[in-house]
Amino acid sequence: MKLKQIILGTIAATFLLAGCSTSKDEAKKTDDKVSGEITVLTNRTDGDDIFKSVEKEFIKKYPDVTKVKFENIADYDKTVTTRLNGGDYGDALFIPFSMAGNRSNYPDYFESLGTTKELEKKYLDVYEADFKDEVYGLPVALNSLGIIYNEDVLKKAGISTVPTTQKQFIKDLELIKEKTDATPFYSNYQAVAIWAGALTSFGGEQFKSDTLKSGDAFKEGMPIREVMDLFYEMASKGLIEEDPMTLDGQTAFKQLADGKIGMLMHGSQEVAGIQKMSKDSIKIMNFPVETDGKTSFPIGAPSVLGVNKHSKNKKTAEAFVEFFVSNESGYTKDLNGMPNTKSDLSKEQQELIDNSHVVLTVAKETPEINTTYSAIADEVGVTRLTDVLQQVINIGLYPDKNMSYEDYTKELSTKWQSAAKNHE
């Protein structure tokens, strides 16, 4: 009797173990399935219509997903940075750009989406939110920086082809000043901040490493100096607006549309809006900086999407990120952007990339290089390129009230060389 009970008990235990094994397998299958509900934090408060469309298309692709809840936050960086520390930050979210200054924090809050080497095969830009060869966020779209221009103004000035070098660029601005009533180039004190994204066009994606090796960021030929020289020449020759302090960006866009401004530098996402305001032909050109016979086409992201490391539905969140940044979601088109996914590029976009020198606006450097470069720049007092270019504009426009441009560059060179030695 005891033997029979033992046998029956063993059989029961065997069935029980088998049942447990099946449950684990089923649980694993559930974990690997794109299903359920996720919450997505975004920095847009005007995106209700596009987000409803995104949710609809995502569920159509993954029918087991029940809901995608979008939480649209106005004061995004500040609010989300606070929530990161509390752990309540959705399943997928736009990564606060303020975190780019300390990339070592990415692994604490975000799930790795793969290595830079793996993802570069599929995407154009994987360096907006990377750390130690791991990618923690992908651009939701790509915009290019370039020179937006009124083609009709250029034609009035006798310009038939866009400039490909800085020398030609200055010459064209001089023609606009001479032969039209338009302000050749719009600079503006606040708008010059965007030129920080152009440094890779002048110095390459490792310009920080090259600058540290040179020991002086302000000697001739270095990327910061190249931009400074360009602004000094424009300002000193009267090729920019008379008062760069008061003319705001939106007014400048309208003046470009009306032919009162010939050119300005901005992101490609602004072109469509300016075209709608204008009866003239509004276009965008690559930077007039040549590398191997091709002009510079710098690309960067307006926002970067990542996955909460502590999400309880990572599989669905990861699938959502991949979907959201592709043409399938429609979000890239809504932003007037270019897709980051290589296979989504149109024929025209692919031709533009093939015929241009493509660079990322974000430098591809190691954490150590970024830290050293930032420390030196901070010590010199040039952490913000804005401050440097504003001073250059002042020197060019008001030479009697400021030190000479030559003395200013020498002063910065001396400070940089001294600070560089302190960080050897």
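Me: Where in the chain is the place of S35?

Reply: Helices and strands are DSSP runs numbered from the N terminus (helices H or I with at least four residues, strands E with at least two). S35 has its place in the loop between α1 (2-31) and β1 (36-42). This is a predicted model, in which local features need pLDDT of at least 70 and side-chain atom pairs count only at pLDDT 80 or more, while totals for chains, interfaces and linings use all residues. Residues are numbered from 1 along each chain as its sequence is written, and side-chain values use heavy atoms, with hydrogens and water left out.

Me: Which residues does S35 touch?

Reply: A contact means heavy atoms within 4.5 Å. Leaving out residues up to four places away in sequence, S35 touches D64, V65, N313 and T316.

Me: How do β12 and β13 pair?

Reply: Two strands pair if DSSP finds at least two bridges between them. Strand β12 (residues 287-291) and strand β13 (residues 294-300) are joined in the antiparallel sense over three bridges. T291 has K294 as its bridge partner in β13. The hairpin has two residues between the strands, and D292 takes a positive phi near 55 degrees there.

Me: In what order do the strands β4, β5 and β6 form an open sheet?

Reply: The three strands are arranged as β4-β6-β5, with antiparallel pairing. The edge strands β4 (114-115) and β5 (130-131) each pair on one side only. Between β5 and strand β6 (residues 134-135) there are two bridges in the antiparallel sense, and E134 in β6 is the bridge partner of F131.

Me: At what angle do α10 and α17 pack?

Reply: Axes are lines fitted to C-alpha atoms, for helices over the stretch in contact, and angles run from 0 to 180 degrees between N-to-C directions. Helix α10 (residues 223-236) and helix α17 (residues 385-397) pack at about 30 degrees, with their axes 8 Å apart. Angles under 35 degrees count as roughly parallel, over 145 as roughly antiparallel, 65 to 115 as roughly perpendicular and the rest as oblique. The two helices, α10 and α17, are therefore roughly parallel to each other. Among the residues that make the contact are F231 of α10 and L389 of α17.

Me: How many residues does the chain have, and what percentage count as buried?

Reply: The chain has 424 residues, of which 46% count as buried. Its secondary structure comes to 18 helices and 15 strands.

Technical notes. Buried means under 20% relative accessible area, exposed over 50%, partly exposed in between (1.4 Å probe, protein chains only).
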